[in-house]
Amino acid sequence: MSSTIWQQVVEKLEAKISRPNYVTWLKPVKFLSNDGGIFNLSVPNYYAKEWLDKNLKTEIISLLSELSKDFKQLNIVIRDAGAKATNEDLPPLLQTISEEAAQNEQTEENETINRNYTFNSFIVGNNNRLAFAAAEAVAQKPGTTYNPLFIYGGVGLGKTHLMHAVANEIIKSNPKKKIIYTSCETFTGEFIHSIQNKTINDFKKKYRTVDVLLIDDIQFLSNKEGTQEEFFHTFNALHQTNRQIIVTSDRVPKEINNLEDRLVSRFGWGMIADIQTPNFENRMAIISAKAMERGLTIPDEVLSYIATAITSNVRELEGSLTKLVMAAHVEGIELTKEFAARTLKEFSGQKETNISSRKVIKVVAEYFGINTADILGSKRLKELVYPRQIVMYILRERCKLSYPQIGEVLSGKDHTTIMYGVNKMEQQIKKSAQTEEDIKNINKELEL
Amino acid sequence: MKFTTQKEELLKYLNIVSRLASTRSTLPILQNIYLVVNGNNLLIRSTDLEQTLEVNINGEGESSGAVTIPARLLTEYLQNNTDKIVTISNDDLIIKINSANHDATLRGMAAEDYPTLPEVAYDFTTTMSSVVLSDAINKTVFSSASDETRPILTGLLFKIEGNNLTIVGTDGYRLAKSVITIKQGKDSQFIIPKRSLQELLRILPLNEEVTLSLAQNQCCAQVGDTKLITRVIEGNFPAFESIIPKKHSLEVAINSQVLLQSLKLASLFSRDSAFSTNLEIKGDNLIITATSPVLGDNSNKITLAKKSDTDFKISVNAQYLIDILSVLSGDVLLQFIDQKSPVVVRAHLDERYLYLVMPLRGE
């Protein structure tokens with residue numbers, strides 16, 4: 001991790017320079033980010049930059065290149081301590097200003113809100129009742145009821161939908177409210193960009209003056225210390241002035257890796273609500289509602305087939321409906337259960353669980369041109385470890401085996417080894433197109 | 001280095017520069033001042049890492065060089081030295097100060113270790129009268145915030161438009177605005193720390209004219225041979241224009257010193273209640289009252305030159321009015337809108353000046 005690398009650098013340098021020099025110059029240096037080898041550090045003033053440039057820069061660079069393989073460049077920026085959290089209500093004069101400003105300002109930020117995502121178009125079921133109720137409560141009294149609102153759940157279950165629904169409801173009753181919806185990635189990107197271009201104040205102004213801040217997929221804050229700190233201050237600035245914050249994540253705050261404790265605890269201040277995968281009745285309700293929304297009449301048996309076939313994810317449910325209707329329209333045939341079954345073959349999640357672990361191992365071995373024994377063995381060659389981890393990943397993701405179960409399948413490996421392997425694959429899929437491609441191809445093979 | 005100069009001249013500048021050399025600094029060298037002799041010029045510099053002060057003194061230089069000297073010891077030594085001419089010289093880090101009847105050696109620190117400021121290219125430079133600027137800062141600087149919770153408010157806004165420089169200070173409860181004329185400028189705005197402006201007030205009397213230069217992150221004020229270089233606070237100043245009332249419903253003219261006197265009396269009784277003081281206008285009287293459950297109460301009557309048609313009552317923090325009246329003279333105008341809107345104070349002698357105070361919530 002890059003910030004630990006920086007800590008190591010600081011520790012090494014601390015021993016070399018005098019205590020006063022350390023306290024005055026080195027200690028205030030903050031690690032901001034590591035952008036593919038470009039280390040960004042911030043110092044509080046010109047004097048510190050000048051001193052570092054003169055006295056420590058070459059040593060920092062040599063230590064960084066020693067400790068970090070991908071080190072390319074060192075970047076020191078001057079950043080005011082202006083980022084201090086504000087911990088009181090606005091004094092009266094400023095209150096007047098912010099009220100006036102709110103009245104004059106256009107609601108352009110609100111353009112990021114998707115108008116189609118409303119409470120009305122959200123299907124409530126047992127799987128999401130709590131989240132829905134919390135969202136409604138927040139929409140009625142933004143900033144006071146549950147602040148922050150933390151919604152978590154799997155992909156395509158409606159987290160983003162709920163978040164937008166709150167925003168739309170608030171806009172309806174008060175069009176002047178300033179609302180920003182952004183993804184965690186965009187937030188991070190903008191933050192880094194603003195440091196590079198010295199427009200950090202514009203950035204702060206943008207995010208700290210909103211009435212409602214919506215951030216999607218907050219789990220991506222993991223490992224981004226600089227952004228976490230900025231988000232922390234944004235959070236405080238908003239929370240202290242009773243502005244609503246809503247974030248979504250694919251897991252509970254505690255399980256987000258490398259998320260600062262102070263953020264974890266803050267996320268718990270308001271309400272943490274989960275959205276589960278919908279059960280069959282919910283899926284039926286959703287799919288019928290979607291069909292109705294589009295003015296389609298679809299036989300019940302087809303609807304029920306879709307609801308049976310697609311279990312994990314509402315987005316796929318909708319997608320398969322669209323796909324079916326399109327296919328039937330193009331081919332000019334009637335929508336029947338059989339037609340649905342044929343068309344949705346590759347979508348069907350049903351079969352996944354039927355795939356045996358033996359088949360997975362066989363297919364993966366064939367794909368990589370190695371023996372199944374190599375996968376089951378314990379040789380730690382790179383050519384073998386990678387396929388082995390892919391097996392772990394697929395057994396986990398597609399066959400839904402538990403870690404110990406997978407361990408057993410793979411000649412009694414420890415469950416922590418499996419966890420590591422699955423995690424590593426998850427990371428790698430995000431990073432490497434090749435891995436993504438491999439998994440996709442193997443999945444295709446498994447279908448046959 | 002070796003340099004000979006008038007003691008009084010040296011002491012005068014040392015008194016200014018050594019203020020930044022803090023004895024509380026974590027970095028020992030910051031307790032020193034930095035001296036460079038170059039030909040017949042002696043440059044003295046000090047910094048607290050927020051701002052830097054620099055002066056140039058003429059004298060007789062025998063040899064060039066640089067060293068740092070403990071500021072306090074040097075200043076106090078010269079204060080009590082009765083000779084007229086002093087010579088400062090050094091042998092590496094041992095500094096000798098010789099004069100007709102007194103000799104001393106001081107231990108210095110290496111000049112290379114003293115923090116340096118990078119040379120920056122200033123965007124533009126403008127000049128103005130020191131007296132006018134001094135007056136404007138004096139009437140605004142007290143309004144800015146002293147606590148650091150809102151860093152922006154610990155600075156004063158300098159806004160240049162054409163030949164006008166507007167200076168604004170606010171702590172969120174009151175606001176002071178002063179407009180002065182400058183020689184030339186470039187439309188821009190920047191925020192200068194309150195503390196630096198307080199330093200600037202000390203050096204402004206040194207010369208009739210002051211030159212302000214501005215770069216992205218720093219500002220330099222030059223008065224004669226003295227320079228103050230300070231950081232500029234990053235961020236956006238509150239949009240103050242929107243809170244300056246455009247009209248008022250009631251206006252009274254009153255002598256600033258008479259009003260000040262009464263407010264000071266009232267403030268004795270409102271100390272424990274946030275200086276909550278009532279102003280009441282009734283016919284041709286302004287009645288100022290304060291009540292303390294512990295201390296007692298006080299009432300003051302001032303006769304107004306002009307009778308008011310409407311009666312009006314408002315409660316304010318007396319201290320905020322005392323602050324402004326202490327730096328104004330002559331008549332002031334008090335303007336009111338209603339009990340919830342800011343009270344505006346205007347100076348008769350300076351119509352471009354404005355001060356406003358948020359009223360306290362009435363019971």
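In these legends, contact means heavy atoms within 4.5 Å. The structure shown in every view is a predicted model.

**View 1. The interface of chain A and chain B.** With contact understood in this way, 32 residues of chain A and 43 residues of chain B take part where the two chains meet. Chain A and chain B bury about 3,100 Å² between them, and 60% of this area lies on carbon and sulfur atoms.

**View 2. The side of chain A that touches chain B.** Helix H2 (19-26), helix H3 (46-55), helix H5 (92-104) and helix H9 (200-208) of chain A are the elements that give two or more residues to the side of chain A that touches chain B. Of these, H5(A) gives the most, with six residues. By residue class, the side of chain A that touches chain B divides into 14 nonpolar, eight polar and 10 charged residues.

**View 3. Domains of chain A.** The domain assignment of chain A gives domain 1 (2-82), domain 2 (94-275), domain 3 (280-349) and domain 4 (353-447). Between the C-alpha centres of domain 2 of chain A and domain 4 of chain A the distance is 37 Å.

**View 4. Domain 2 and domain 3 of chain B.** Chain B is divided into domain 1 (2-113), domain 2 (124-242) and domain 3 (244-357), and the C-alpha centres of domain 2 of chain B and domain 3 of chain B lie 28 Å apart. In this pairing, 20 residues of domain 2 of chain B are in contact with 14 residues of domain 3 of chain B. About 1,400 Å² is buried between domain 2 of chain B and domain 3 of chain B, 51% of it on carbon and sulfur atoms. On the side of domain 2 of chain B, the residues that lose the most area to domain 3 of chain B are B:Lys139, B:Arg174 and B:Lys177, which together make up 39% of what that side buries.

**View 5. Polar pairs and contributing elements between domain 2 and domain 3 of chain B.** Two salt bridges are counted between domain 2 of chain B and domain 3 of chain B. B:Lys139 forms a salt bridge with B:Asp350, and the closest N and O atoms of this pair are 3.0 Å apart. The count of residue pairs in polar contact between domain 2 of chain B and domain 3 of chain B, both members at pLDDT 80 or more, is nine. Helix H3 (130-138) and strand S13 (174-181) of chain B each supply at least two residues of the side of domain 2 of chain B that touches domain 3 of chain B, and S13(B) gives the most to that side, with eight residues. The residues of the side of domain 2 of chain B that touches domain 3 of chain B divide into seven nonpolar, seven polar and six charged.

**View 6. The salt bridge of B:Glu199 and B:Arg19.** The structure holds 27 salt bridges over all chains, and in one of these the side chains of B:Glu199 and B:Arg19 meet at 2.8 Å, N to O. B:Glu199 lies in helix H4 (residues 194-203) of chain B, whereas B:Arg19 lies in the loop between helix H1 (7-17) and strand S2 (32-38) of chain B, so the pair ties together parts that are 180 residues apart in sequence. B:Glu199 is buried, with a relative accessible area of 7%, whereas B:Arg19 is partly exposed, with a relative accessible area of 40%.

**View 7. The salt bridge of B:Lys183 and B:Glu209.** The side chains of B:Lys183 and B:Glu209 meet in a salt bridge at 2.6 Å, N to O. Because B:Lys183 lies in the loop between S13 and strand S14 (188-193) of chain B and B:Glu209 in strand S15 (residues 209-214) of chain B, the pair ties together parts that are 26 residues apart in sequence. B:Lys183 counts as exposed at 51% relative accessibility, and B:Glu209 counts as partly exposed at 35%.

How values were computed
Residues are numbered from 1 along each chain as its sequence is written. Chains are lettered from A and ligands numbered from 1 in the order in which they are written. This is a predicted model: local features need pLDDT of at least 70, side-chain atom pairs count only at pLDDT 80 or more; totals for chains, interfaces and linings use all residues. Side-chain values use heavy atoms; hydrogens and water are left out. Domain bounds come from an automatic or database domain assignment. Buried area is the accessible area (1.4 Å probe) that two parts lose on being put together, summed over both. A salt bridge is a side-chain nitrogen of Lys or Arg within 4 Å of a carboxyl oxygen of Asp or Glu. A polar contact is a pair of N or O atoms within 3.5 Å; within protein, one must be able to donate a hydrogen and the other to accept it, and residues adjacent in sequence count only if both atoms are side-chain atoms. Helices (H or I, at least four residues) and strands (E, at least two) are DSSP runs, numbered from the N terminus. Ala, Val, Leu, Ile, Met, Phe, Trp, Tyr, Cys and Pro count as nonpolar, Asp, Glu, Lys and Arg as charged, and the others, Gly among them, as polar. Buried means under 20% relative accessible area, exposed over 50%, partly exposed in between (1.4 Å probe, protein chains only).
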